[in-house]
Amino acid sequence: MGLMAGLVAGLTVSTLPVLAAEEGGEPTQAQATLPTQELAIVSANGRHVFTVEVATTPRQQQVGEMFRTAVAPTGGMLFPWGQPQQSEMWMRNTLVPLDIVFIGSDKRIQAITENAVPQSLAHISSHGPVVATLELAGGTTAKLGIVVGDKVEAASLK
């Protein structure tokens, strides 16, 4: 207990994990940066490379990008589901607009929701089973010409 208090006291606010979240409570702040990997989207106008955080645990996936004040232009977060499933996302406690990209089992983009509204409780659906969901900074897909059918390459997509 004392060691944990000392470790927590030494963390900066921007890297402090969601302590309530670890206990299963309602998230109250951004989670620590998750492990990253390179992800590429191959579109008609080239190969676009991102360094994305990978949310693998149910809690990491629940908290996602909540409470973050920015997403890097070449950053984002990947939610690999393990097996194809319907993906339902929302923007609760998410402070910045996001492009939400749904990736099918063929590793191609199945659907895109551009500029999802910060803090909206509206459900954003994949409208069918997907193997992963990718969140990018709002406006990224339009800016780079990324469209449904483009190929996604990442180690987490098996």
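**View 1. The aromatic pair of the predicted model, F79 and W81.** A search of the whole structure finds 1 aromatic pair, where rings of Phe, Tyr and Trp (its six-membered ring) pair if their centres lie within 6.5 Å. The partners are F79 and W81, which are stacked, with 6.0 Å from centre to centre and 25° between the planes; planes under 30 degrees apart count as stacked, over 60 as edge-to-face and the rest as tilted. F79 counts as buried because its relative accessibility is 1%, and W81 is buried as well, with a relative accessible area of 17%; buried means under 20% relative accessible area, exposed over 50% and partly exposed in between, with a 1.4 Å probe and protein chains only. This is a predicted model, in which local features need pLDDT of at least 70 and side-chain atom pairs count only at pLDDT 80 or more, while totals for chains, interfaces and linings use all residues. Residues are numbered from 1 along each chain as its sequence is written, and side-chain values use heavy atoms, with hydrogens and water left out.

**View 2. D99 in strand β4.** D99 lies in strand β4, which spans residues 98-103; strands (E, at least two residues) and helices (H or I, at least four) are DSSP runs, numbered from the N terminus. D99 is buried yet has no salt bridge, and the nearest side chain of opposite charge, K143, is 10 Å away. A salt bridge here is a side-chain nitrogen of Lys or Arg within 4 Å of a carboxyl oxygen of Asp or Glu, and Lys and Arg count as positive, Asp and Glu as negative, with His and the chain ends not counted. A polar atom of the D99 side chain lies 2.8 Å from the backbone nitrogen of T141. Not counting residues up to four places away in sequence, D99 touches residues including T113, L134, G139, T140 and T141, where contact means heavy atoms within 4.5 Å.

**View 3. L98 and its surroundings.** L98 also has its place in strand β4, and its relative accessible area of 1% is why L98 is buried. Leaving aside residues up to four places away in sequence, L98 touches, among others, E65, V71, M91 and A116. L98 and V117 are 19 residues apart in sequence, and their C-alpha atoms are 7.5 Å apart in space.

**View 4. The protein chain around these sites.** The protein chain has 4 helices and 7 strands, and of its 158 residues 44% count as buried. Among contacts between residues at least 6 apart in sequence, 69% join residues at least 24 apart.

Conventions:
A polar contact is a pair of N or O atoms within 3.5 Å; within protein, one must be able to donate a hydrogen and the other to accept it, and residues adjacent in sequence count only if both atoms are side-chain atoms.
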